[in-house]
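Some notes on this model follow, point by point. Please read them with the structure open.

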Amino acid sequence: MQKAKRLTGLFLVLCLAITFVVGCGSGDNGAATSTTSAASSSVAAESSAAAESSVALDPVELKWYVVGNGQPKDIDAVMAKVNEWLKPRINATLKLTIFTWGDDFEQKMGAKIASGEEYDITFTSNWAANYLQNAPKGAFVDLTPLLDKYAPKTKELLGDKVIKGASIDGKLYAIPTNKEMAHNWGFLVNKKLADKNGIDLSTIKKFEDIEPALKIIKEKEPGVEPFQTVVGESAYRILDFEKMVDDNVPGAIYGDGRDTKVINDFDAPETKALFTTLHNWYKAGYIRKDADTITDWQANRKAGKVFSAVASLKPGKDGEESVSSGIEWQQIDITAPMSTTREMTGAMQAISKSSHNPERALMFLELANTEPELCNLINYGIEGTHYTKVSDTKIEQTQAGIDGYNTGTAWLFANQFNTYIFNSEKFESATAKWDQFKAYNDSAKASPILGFTFNAEPVKTKVAALTGVKKQFMPGLETGKSDPAVVLPKFNEKLKAAGLDDVLAEMQKQVDAFTASK
């Protein structure tokens, strides 16, 4: 009886999914824009059909876990509005839990995944709840055969390039956020401090050019970090190597796509030069002495006590960071835009293998990606309470929004091209911003190994050993505390003893096979 009931429910879910197929624009770069101002919750006929079908579906609660600034004070009020919108459409309610960055999210999601605890959706990426490691182990549902039934608009929205880039062995295990699908690196600089001290930021064209500004800040702004580089969030990233595994494991190709030769990026000439510069800055007092032990690196930024830091950039990144931190930042682009597998897997939502309602979870993600009202509600909270509209597509946060629902993670949730923008951002409208994003995506050079995923299984023990060595030596090097002339040879000697050469050989073997098959 229960089985028959479930089959009936699934049939109705399929009927509902078919009502969603109205179509949406897509681009070759997988970053299709949507007109936020024109989109209401849904057209009347579709809403009516959804409401009629949802009555026959069993009610479900979907548990969704993401990383961010922690649980907002007003989360219950926002979820009440979300569920008021969601329940008539797919007879589901949402319970969103936002963990804090770093170990909090990693440890809690790691435990949930390892134990098989029942939940429905999790944020995953190449840097958190690691998609490339968890998906092959069976933690997430293979969405490939489900997309046409339950998320056809999302499939069209993302496009083949993004879906292929985010797939593992031809299977898609998570829905990428529709956002910028490229990256470049540079600086975020505290504009108030720069203006106050007469620093001309237009003179900074490469990494070393920022040093005179650091000297000025050190002399004139006691209590301010001239340059912030901490473990994980370090200046090392500006070298833009395309890693085979993640930042913990040596093995990468050059990020400018010059070739597909796998190298030990921790021992490249550029890396040695960078570590030497950081060590000199550390000795000069431009980097805090305890940088290798800091975990809450955001606190000083939000307090206005950081002048500059390396950051992954995109159009308007400084505006987003300004809203999130309350500090006015200016970005300085250093490297050229590149499209890599890292972008395709940089922010995703996966459905857990433990979910009792994977079809309904995917239907929710379809709505989140295609319905601006739902997307903006999750991102910004309740209109009139947490923000007010300045125009059709621009908003201003209220104090209640700043205090009670300031997620600051629009790049994380669903379809960024459907979101409002803040009035403080340097764009005339949301359309102007998203047009720049599309141009940015179009301008990016594609990696020669776009879509490649390294299978660490043949060398997994050695990969684990290399990770341990990296965590022993890298904190001192990436924060400038260690003298690379002394420490770097020891670091690489230990890497070799842990099996570096075998791991690099396996990486090269797989890269060569991938490029040969293209």
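1. Trp64 stands opposite Ile121 in β3. The two strands involved are β1 (residues 60-68) and β3, paired in the parallel sense over two bridges. Pairing here requires at least two DSSP bridges between the strands. Strands are DSSP runs of E, at least two residues; helices are runs of H or I, at least four residues; both are numbered from the N terminus.

2. This is a predicted model: local features need pLDDT of at least 70, side-chain atom pairs count only at pLDDT 80 or more, and totals for chains, interfaces and linings use all residues. Residues are numbered from 1 along each chain as its sequence is written, and side-chain values use heavy atoms, with hydrogens and water left out.

3. β3 (residues 121-124) also pairs with β11 (residues 348-351). Four bridges join these two, and they run antiparallel. Thr122 has Ala350 of β11 as its bridge partner.

4. Which residues cover the two faces of β3? Ile121 and Phe123 lie on one side, Thr122 and Thr124 on the other, and all are buried. Buried means under 20% relative accessible area, exposed over 50%, and partly exposed in between (1.4 Å probe, protein chains only). In a regular strand the side chains alternate between the two faces of the sheet.

5. Trp64 turns up again in the lining of the largest cavity. β4 (174-176) and α14 (358-370) each supply at least two of the lining residues. By class, five are nonpolar, three polar and none charged. Nonpolar covers Ala, Val, Leu, Ile, Met, Phe, Trp, Tyr, Cys and Pro; charged covers Asp, Glu, Lys and Arg; the others, Gly among them, are polar.

6. The largest cavity holds about 40 Å³ of space. The whole structure has two cavities of 30 Å³ or more. A cavity is a set of points on a 1 Å grid over the protein atoms alone where a 1.4 Å probe fits but cannot get out; lining residues have an atom within 4 Å of a point. Volume is the space filled by probe spheres set on the points, which are joined across faces, edges and corners.

7. Helix α12 (residues 317-325) is largely enclosed by the rest of the structure, because eight of its nine residues are buried. Among them are Lys317, Asp318 and Glu320. Gly326 follows α12, with a positive phi near 80°.

8. A separate item is the open, mixed sheet β12-β13-β14. Its edge strands are β12 (387-389) and β14 (421-422). β12 and β13 (residues 394-397) run antiparallel, joined by three bridges. Lys389 stands opposite Ile395 in β13.

Notes:
1 Å grid on protein atoms, 1.4 Å probe; cavity = no way out; pocket = protein on both sides within 12 Å on 5 of 7 lines; lining within 4 Å.
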